[in-house]
Amino acid sequence: MDKIAAGLERAFATEGFASPSVDDLRDAAGVSLRTLYKYVPSRSEMMQAALEHRHQRYMTMLFEGLATGGIAAFSDIIDRIAVWMRTEASHGCLFHSAVAAAPDDQALRALLEKNKNDVATKTAQITGLEGAEVEISIILDGLTQSWPLYGDQATAGAKRLAKILVEDSAL
């Protein structure tokens, strides 16, 4: 299943959610059509599997081996998001793209919420900013959404906002 989810994630990340045919998705997953449908019997479930796989990779990339504490940790998280955007998501957040492609799919919306909540909660814990999860989410999601337009300027702006949040919480 991990191999299938990884292949689906790659296909959706490079081609979007509307474009790839079932044959494209089968090829990306590296399995037969029968095996693909055995594990993920619908396009919606294929999208869910891809996003769940991406969520795990993203959380590992952001938080594995990260030092804890204040602005230094927050700055490191922002730098890691910038690397992710540069290497994995130069067109913006795949979770938002999935919901935009299937706005009535409640399972996809739940995965978007889980991703954003998990990132904000873990960042709050690591930085000592518990209670500021909404502000953290706005900063980090603002970075991922503005990255395609502003690149490194978005990173610098997110760091300035993070510093303000950390300083404000110390008062």
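Trainee: What does the accessible surface of the chain come to, and what part of it belongs to carbon and sulfur atoms?

Mentor: The total is about 8,800 Å², and carbon and sulfur atoms hold 53% of it. Keep in mind that this is a predicted model.

Trainee: How many helices and how many strands does the chain have?

Mentor: There are 9 helices and 0 strands. Read from the N terminus on, the order of elements is α-α-α-α-α-α-α-α-α. The radius of gyration of the chain is 17 Å, close to the 16 Å that the globule rule gives for 171 residues, so the chain is as compact as a globular protein of that length.

Trainee: What box do the C-alpha atoms of the chain fill?

Mentor: Taken along the principal axes, the box is roughly 60 × 30 × 30 Å.

Trainee: Among contacts between residues at least 6 apart in sequence, what share joins residues at least 24 apart?

Mentor: A contact means heavy atoms within 4.5 Å. Of the contacts you describe, 64% join residues at least 24 apart.

Trainee: How many positive and negative side chains does the chain have, and how far apart do the centres of the two sets lie?

Mentor: The count is 17 positive and 23 negative, with 5 Å between the two centres.

Trainee: What share of the residues in the chain is buried?

Mentor: A residue is called buried when its relative accessible area is under 20%. In this chain, 45% of the 171 residues are buried.

Trainee: Which residues does Glu 9 touch, not counting residues up to four places away in sequence?

Mentor: Glu 9 touches Ala 50, His 53, Arg 54 and Arg 57 on that count. With one of these, Arg 54, there is also a polar contact of 2.8 Å between the side chains. The limit for such a pair of N or O atoms is 3.5 Å.

Trainee: Where is His 53 found, and is His 53 buried or exposed?

Mentor: His 53 belongs to helix 4, residues 43-63. With a relative accessible area of 14%, His 53 is buried. Leaving aside neighbours within four places in sequence, His 53 is in contact with Asp 2, Ala 5, Ala 6 and Glu 9. Ala 100 is 47 residues from His 53 in sequence, and their C-alpha atoms are 19 Å apart in space.

Trainee: Which helix holds Asn 115, and which residues does Asn 115 touch?

Mentor: Asn 115 sits in helix 7, residues 106-127. Beyond four places in sequence, Asn 115 touches His 55, Tyr 58 and Phe 95. Its relative accessibility is 3%, so Asn 115 counts as buried.

Trainee: Where is Ala 82 found, and with which residues is Ala 82 in contact?

Mentor: Ala 82 is part of helix 5, residues 70-87. At 4% relative accessibility, Ala 82 counts as buried. Setting aside neighbours within four places in sequence, Ala 82 is in contact with Trp 147 and Thr 155. From C-alpha to C-alpha, Ala 82 and Leu 108 are 24 Å apart, with a sequence separation of 26 residues.

Trainee: Which residues does Leu 140 touch, not counting residues up to four places away in sequence?

Mentor: Leu 140 touches Phe 74, Ile 77, Ile 78, Ile 81, Val 119 and Thr 123. Leu 140 lies in helix 8, residues 133-150, and counts as buried at 4% relative accessibility. The C-alpha atoms of Leu 140 and Arg 10 are separated by 23 Å, the two being 130 residues apart along the chain.

Trainee: Finally, in which helix is the place of Leu 165, and which residues does Leu 165 touch?

Mentor: Leu 165 is in helix 9, residues 152-169. Not counting residues up to four places away in sequence, Leu 165 touches Phe 74, Leu 129, Ala 132, Glu 135, Ile 136 and Ile 139. Leu 165 is buried, its relative accessible area being 13%. Met 59 is 106 residues from Leu 165 along the chain, with 22 Å between their C-alpha atoms.

Conventions
Residues are numbered from 1 along each chain as its sequence is written. This is a predicted model: local features need pLDDT of at least 70, side-chain atom pairs count only at pLDDT 80 or more; totals for chains, interfaces and linings use all residues. Side-chain values use heavy atoms; hydrogens and water are left out. A polar contact is a pair of N or O atoms within 3.5 Å; within protein, one must be able to donate a hydrogen and the other to accept it, and residues adjacent in sequence count only if both atoms are side-chain atoms. Helices (H or I, at least four residues) and strands (E, at least two) are DSSP runs, numbered from the N terminus. Buried means under 20% relative accessible area, exposed over 50%, partly exposed in between (1.4 Å probe, protein chains only). The radius of gyration is taken over C-alpha atoms; the globule rule is 2.2 Å times the number of residues to the power 0.38. Accessible areas come from the Shrake-Rupley method with a 1.4 Å probe; for residues, only the protein chains shown count as cover. Lys and Arg count as positive and Asp and Glu as negative; His and the chain ends are not counted. The place of a charge is taken as NZ of Lys, CZ of Arg, CG of Asp or CD of Glu.
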